[in-house]
Amino acid sequence: MHLYVCYGTFRIHDSHPCREAHQALTDAGYQPKVVRTGGCYGSDPLWPGRRKVKRLTGNYKVPTLRLDDGRIVDGSENIVAWAAENPMPQSASPIESAPQGA
Ligand SMILES: N[C@@H](CCC(=O)N[C@@H](CS)C(=O)NCC(=O)O)C(=O)O
């Protein structure tokens, strides 16, 4: 999966939407590929990464999540909700999955 962000996933004051989205995904067990798009301050259309986000979502804002199957989850609130609803499946451990008496 690809997570499109502004300049990174760092903390800004109390909240930063890109950080919150990234944190929710990592808490859910994912390691998204982070794509930095620059932008903000009215400059979004000048940045190729933001133009890609616009093609994917119809708007320039990030964070935007592109799943491996091509589905798009746009905005930090939606990404946080998606991560909570879709935690990374845990692979069964060999001990737990062994048949009884094996
Ligand atoms: N409500 C949105 C806000 C997202 C937001 O403001 N993102 C900033 C980057 S941290 C941005 O893309 N700003 C550029 C703009 O508003 O055009 C969310 O939580 O996802």
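Biologist: Why is Cys 40 called partly exposed?

Modeller: In this predicted model, Cys 40 has 14 other C-beta atoms within 10 Å, and since a residue is exposed at 12 or fewer and buried at 20 or more, a count of 14 falls in between, so Cys 40 is partly exposed. Cys 40 is found in the loop between β2 and α2, and although it is not a glycine, it has a positive phi of about 75°.

Biologist: What makes His 13 exposed?

Modeller: His 13 has 5 other C-beta atoms within 10 Å, and the limit for exposed is 12 or fewer, so His 13 is exposed. The loop that holds His 13 is the one between β1 and α1, and His 13 is another residue with a positive phi, about 50°, although it is not a glycine.

Biologist: Why does His 16 count as buried?

Modeller: There are 20 C-beta neighbours inside 10 Å of His 16, and buried begins at 20 or more, so the count for His 16 meets the cut-off and the residue is called buried. His 16 lies in the loop between β1 and α1. Leaving aside its neighbours within four places in sequence, His 16 is in contact with Phe 10 and Arg 11, while its C-alpha atom is separated by 10.0 Å from that of Cys 6, which is 10 residues away along the chain.

Biologist: Why is Trp 82 called partly exposed?

Modeller: The count for Trp 82 is 17 other C-beta atoms within 10 Å, and because buried needs 20 or more and exposed needs 12 or fewer, Trp 82 is placed in between, as partly exposed. Trp 82 is found in helix α3, and beyond its neighbours within four places in sequence it is in contact with Leu 65 and Val 73. From C-alpha to C-alpha, Trp 82 and Leu 25 are 8.7 Å apart in space, although 57 residues separate them in sequence.

Biologist: How do you know that β1 and β2 pair?

Modeller: Strand β1, residues 2–5, and strand β2, residues 33–36, are joined over 4 bridges, and pairing requires at least two bridges, so the two strands pair, in the parallel sense. Within this pairing, His 2 has Lys 33 as its bridge partner, and Leu 3 stands opposite Val 34. The chain passes from β1 through helix α1, residues 17–27, to β2, and this β-α-β crossover is right-handed.

Biologist: What makes β1 and β3 count as joined strands?

Modeller: There are 3 bridges between β1 and strand β3, residues 64–66, and at least two are needed, so β1 and β3 pair, and they run antiparallel. In this arrangement Tyr 4 stands opposite Thr 64 in β3. The protein as a whole has 4 helices and 4 strands, in the pattern β-α-β-α-β-β-α-α when read along the sequence.

Biologist: Which residues touch the most other members of the largest nonpolar core?

Modeller: The core has 15 residues, and those that touch the most other members are Leu 3, Val 5, Ala 21, Ala 24, Leu 25, Val 62 and Ile 79. Two or more residues come from each of β1, α1 and α3, and α1 gives the most, with 4 residues. In soluble globular proteins, nonpolar side chains tend to be buried together. In the protein, 26% of the 102 residues count as buried.

Biologist: Which residues is Val 5 in contact with, leaving aside its neighbours within four places in sequence?

Modeller: The contacts of Val 5 are Cys 18, His 22, Val 34, Val 35, Arg 36, Thr 37, Val 62 and Pro 63. The peptide bond from Val 62 to Pro 63 is cis, with omega near 10°, and Pro 63 is found in the loop between α2 and β3.

Biologist: How many residues surround the ligand, and which are the closest?

Modeller: The ligand is surrounded by 14 residues, and Cys 6, Pro 17, Lys 61, Gly 75 and Ser 76 are the closest. The shell divides into 7 nonpolar, 4 polar and 3 charged residues, and α1 and α3 each supply at least two of its residues.

Methods
Residues numbered from 1 in each chain as written. Predicted model: local features only at pLDDT ≥ 70, side-chain atom pairs only at ≥ 80, totals over all residues. Right-handed = clockwise from strand over helix to strand, strands pointing away. Near = placed C-beta within 6 Å. Nonpolar A, V, L, I, M, F, W, Y, C, P; charged D, E, K, R; others polar. Core = buried A, V, L, I, M, F, W, Y, C linked by C-beta atoms within 7 Å. Contact = placed C-beta atoms within 7 Å.
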